[in-house]
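Colleague: I'm new to reading models like this one. Could you put the structure up and let me ask about it piece by piece?

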Amino acid sequence: MDEKDTMLKLMRFWLFGTFIILFTAVTVYVGGALGTGLAIFGELYFWLAIVITAALCVLWYFIYKWYLDKKM
């Protein structure tokens with residue numbers, strides 16, 4: 001396994017971890033602050049924000065992959 005593969009695996013790990021932490025934090029904070037609890041899962045804008053966050057994580061992964069391909 002070369003250095004590029006290792007770096008891509010680390011990026012996947014960190015992006016997935018970041019996504020999970022953001023999902024959990026937003027769910028707990030907004031659900032608790034607004035007093036809606038688990039009813040937040042029924043909100044369209046909540047899921048829209050989650051999908052946008054996931055898309056940005058995937059986009060960042062491919063930008064990083066492109067950068068490594070160009071660099072190495």
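Colleague: Let's start with a ring. Is Phe 46 buried or exposed?

Modeller: Before that, a quick word on the ground rules: this is a predicted model, where local features need pLDDT of at least 70, side-chain atom pairs count only at pLDDT 80 or more, and totals for chains, interfaces and linings use all residues. Residues are numbered from 1 along each chain as its sequence is written, and side-chain values use heavy atoms, with hydrogens and water left out. Now the scale: buried means under 20% relative accessible area, exposed over 50%, and partly exposed in between, using a 1.4 Å probe and protein chains only. Phe 46 has 6% relative accessibility, so the label is buried.

Colleague: Which kind of aromatic pair do Phe 41 and Phe 46 form?

Modeller: Rings of Phe, Tyr and Trp (its six-membered ring) pair if their centres lie within 6.5 Å; planes under 30 degrees apart are stacked, over 60 edge-to-face, and the rest tilted. The whole structure holds nine aromatic pairs. For Phe 41 and Phe 46, the centres are 5.7 Å apart and the planes stand at 75°, which makes the pair edge-to-face.

Colleague: And why is the pair of Tyr 61 and Phe 62 given its label?

Modeller: Tyr 61 is buried at 13% relative accessibility, while Phe 62 is partly exposed at 48%. Their ring centres lie 5.4 Å apart with the planes at 75°, so this pair is edge-to-face.

Colleague: What does Thr 27 touch, leaving aside its neighbours within four places in sequence?

Modeller: Thr 27 sits in helix α1 (helices are DSSP runs of H or I, at least four residues, and strands are runs of E, at least two, numbered from the N terminus). At 12% relative accessibility, Thr 27 is buried. Contact means heavy atoms within 4.5 Å. By that rule, Thr 27 touches Gly 32, Ile 40, Phe 41 and Phe 46.

Colleague: Which residues of α1 are buried?

Modeller: Helix α1 has 31 residues and spans 44 Å from first C-alpha to last, close to the 45 Å expected at 1.5 Å a residue (that is, 1.5 Å times one less than the number of residues). What covers its buried residues includes α2. Those buried residues are Leu 8, Met 11, Leu 15, Phe 19, Thr 27 and Gly 31.

Colleague: How many residues apart in sequence are the parts that Asp 69 and Lys 4 tie together?

Modeller: A salt bridge is a side-chain nitrogen of Lys or Arg within 4 Å of a carboxyl oxygen of Asp or Glu, and the count here is one. Asp 69 and Lys 4 meet in a salt bridge, at 2.1 Å from N to O. Asp 69 lies in α2 (residues 44-71) and Lys 4 in α1 (residues 3-33), so the pair ties together parts whose separation in sequence is 65 residues.

Colleague: Last one: how much accessible area does the nonpolar patch with Leu 56 have?

Modeller: Leu 56 is in helix α2 and is exposed, at 52%. Patches take residues with over 30% relative accessible area and no salt bridge, joining like charges within 9 Å and nonpolar side chains (Val, Leu, Ile, Met, Phe, Trp, Tyr) within 5 Å. Areas come from the Shrake-Rupley method with a 1.4 Å probe, and for residues only the protein chains shown count as cover. Tyr 45, Leu 48, Ile 52, Leu 56, Leu 59, Trp 60 and Ile 63 together have about 750 Å².
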